[in-house]
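Please open the model in your viewer and keep the sequence panel beside it. The stops below say what to select next and what is there.

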Amino acid sequence: MSIVSTKTTEASHGTHGTLRLRPSPVQPSPATSGFPITTDLESSPFHDVQTGPTRVVLPTFSSLEEERIYRKEHLALVFRILHRFKLAEGIAGHCSVRDPMEPDTFWVNPQGKSFALMKQSDLVRCSVEDGRMVEGIAPTDASASSIHSQLYKSLGRGPEGVEALVHVHGPYTKAFSSLGRTLDMISQDACAYHNEQVLVSFGGAVFDNKEGERIAQAAGAKNKVVLLQNHGALSLGRLSIDEAAWWQINYEMCCQAQLLADAARRPDDKVVEAGPDEIQSTKGEMGTPEMGWFSLAAYIEEEEYHSGGRHKL
């Protein structure tokens with residue numbers, strides 16, 4: 001689907017008073033489909049971290065219906081990407097995105113549907129209030145509807161709210177979660193999660209909304225990742241499903257790096273962590289919701305190619 005900006009044209013009057021339309025500075029990117037670029041450099045959140053005559057900008061939409069389609073298609077792509085990263089495990093895992101037309105509902109995967117074959121039409125819609133299914137007939141995981149609904153309900157919308165959630169059972173996050181701690185700042189990637197990761201004790205199998213309420217309270221207004229002890233990670237997209245997916249994938253990579261570093265460290269070796277200033281500057285560049293969204297761009301492009309459009313069905 002092509003990105004359509006709400007700022008498609010600018011009007012100007014010629015010398016004889018005729019109305020002419022100037023091309024919008026926003027246009028589809030020739031490099032990455034679905035991630036538009038602009039010649040209005042100052043309008044981009046990546047103004048300082050990109051060079052050249054254009055900058056990437058977030059998509060805008062001509063209608064809420066168009067945004068709904070975009071969100072559902074990207075959610076379908078996220079499942080396919082997670083499968084490619086070998087983060088699909090049996091019937092475990094659930095990802096969702098808030099519906100822009102009816103934001104008191106969210107779209108989530110039906111349980112048992114292959115991540116690798118997910119289509120936007122497979123998704124079911126549930127109520128934020130209580131997790132009750134309001135659209136679709138295929139059953140979804142009870143823990144998905146209960147946990148996700150309470151996070152959307154408790155955190156709301158806006159910069160400190162949540163628009164998307166991703167939870168899978170990655171092998172490295174599962175292993176690391178058993179150690180009872182969060183990531184050390186031993187890499188550039190880990191800096192994105194400085195003071196924005198929280199460990200939550202294992203609550204067992206989830207069948208009602210109480211566990212969702214507990215996790216929502218822990219997630220709060222700032223955390224990117226809730227590390228569920230003996231379980232795995234739950235990542236939050238404050239802006240988009242792409243962002244939530246990137247935090248999940250990248251956190252899995254960071255847990256792998258942490259486990260490798262811990263295994264290689266000799267008894268007398270000191271842990272070398274990034275300094276406070278370096279952590280903050282790196283987080284300011286790599287840890288924003290906008291950068292989380294854009295970090296998934298290459299994987300979205302790859303999966304659109306492999307899908308051949310089938311995720312849109």
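A crossing of two helices is called right-handed if the near helix is turned clockwise from the far one by less than a right angle, and left-handed if it is turned anticlockwise. This is a predicted model, in which local features need pLDDT of at least 70 and side-chain atom pairs count only at pLDDT 80 or more, while totals for chains, interfaces and linings use all residues. Residues are numbered from 1 along each chain as its sequence is written, and side-chain values use heavy atoms, with hydrogens and water left out.

**The whole chain**

Begin with everything shown as a cartoon: the protein has 9 helices and 13 strands, where helices (H or I, at least four residues) and strands (E, at least two) are DSSP runs numbered from the N terminus. Of its 313 residues, 48% count as buried, a word that stands for under 20% relative accessible area, with exposed meaning over 50% and partly exposed in between (1.4 Å probe, protein chains only). Among contacts (heavy atoms within 4.5 Å) between residues at least 6 apart in sequence, 63% join residues at least 24 apart.

**First pair of helices: α1 and α6**

Select residues 64-84 for α1 and 241-264 for α6. The axes, which are lines fitted to C-alpha atoms over the stretch in contact, with angles running from 0 to 180 degrees between N-to-C directions, come within 9 Å and cross at roughly 15°. The two helices are therefore roughly parallel, on a scale where angles under 35 degrees count as roughly parallel, over 145 as roughly antiparallel, 65 to 115 as roughly perpendicular and the rest as oblique. The crossing of α1 past α6 is right-handed. To see the contact, show the side chains of Tyr-70, Arg-71, His-74, Leu-75, Val-78, Ile-81 and Leu-82 in α1, together with Ile-241, Asp-242, Ala-245 and Ile-249 in α6. Sorted by class, these residues comprise 8 nonpolar, 1 polar and 2 charged, where Ala, Val, Leu, Ile, Met, Phe, Trp, Tyr, Cys and Pro count as nonpolar, Asp, Glu, Lys and Arg as charged, and the others, Gly among them, as polar.

Next, select Ser-96, which is found in strand β6. Is Ser-96 buried or exposed? Its relative accessibility is 0%, so Ser-96 counts as buried. Leaving aside neighbours within four places in sequence, Ser-96 is in contact with residues including Leu-75 and Ile-241, both of which also take part in the contact between α1 and α6. The side chain of Ser-96 makes a polar contact of 2.6 Å with the side chain of His-148, the term meaning a pair of N or O atoms within 3.5 Å, of which, within protein, one must be able to donate a hydrogen and the other to accept it, with residues adjacent in sequence counting only if both atoms are side-chain atoms. Another polar contact, of 2.7 Å, joins the side chains of Ser-96 and Tyr-152.

Now select residues 142-155 (α2) and 210-219 (α5), which pack at an angle of about 45° with their axes 8 Å apart. That angle makes α2 oblique to α5, and the crossing is right-handed. The residues that meet include Ile-147 and Leu-151 from α2, and Ile-215 and Ala-216 from α5. By class, the contact has 6 nonpolar, 4 polar and 1 charged residues.

Select Thr-38 in strand β4 (residues 37-38), which counts as buried at 0% relative accessibility. A polar atom of the Thr-38 side chain lies 3.0 Å from the backbone nitrogen of Asp-40. Then move to Ser-307 in helix α9 (residues 297-307), whose side chain reaches the backbone nitrogen of Arg-310 at 3.0 Å.

Most residues other than glycine have a negative phi. Which value does Lys-86 have? Its phi is positive, about 60°, and Lys-86 is found in the loop between α1 and β6 (94-98), where it counts as exposed at 70% relative accessibility. Lastly, select Asn-230 in the loop between β12 (225-228) and β13 (232-237), where phi is also positive, near 65°, and the residue is partly exposed at 47%.
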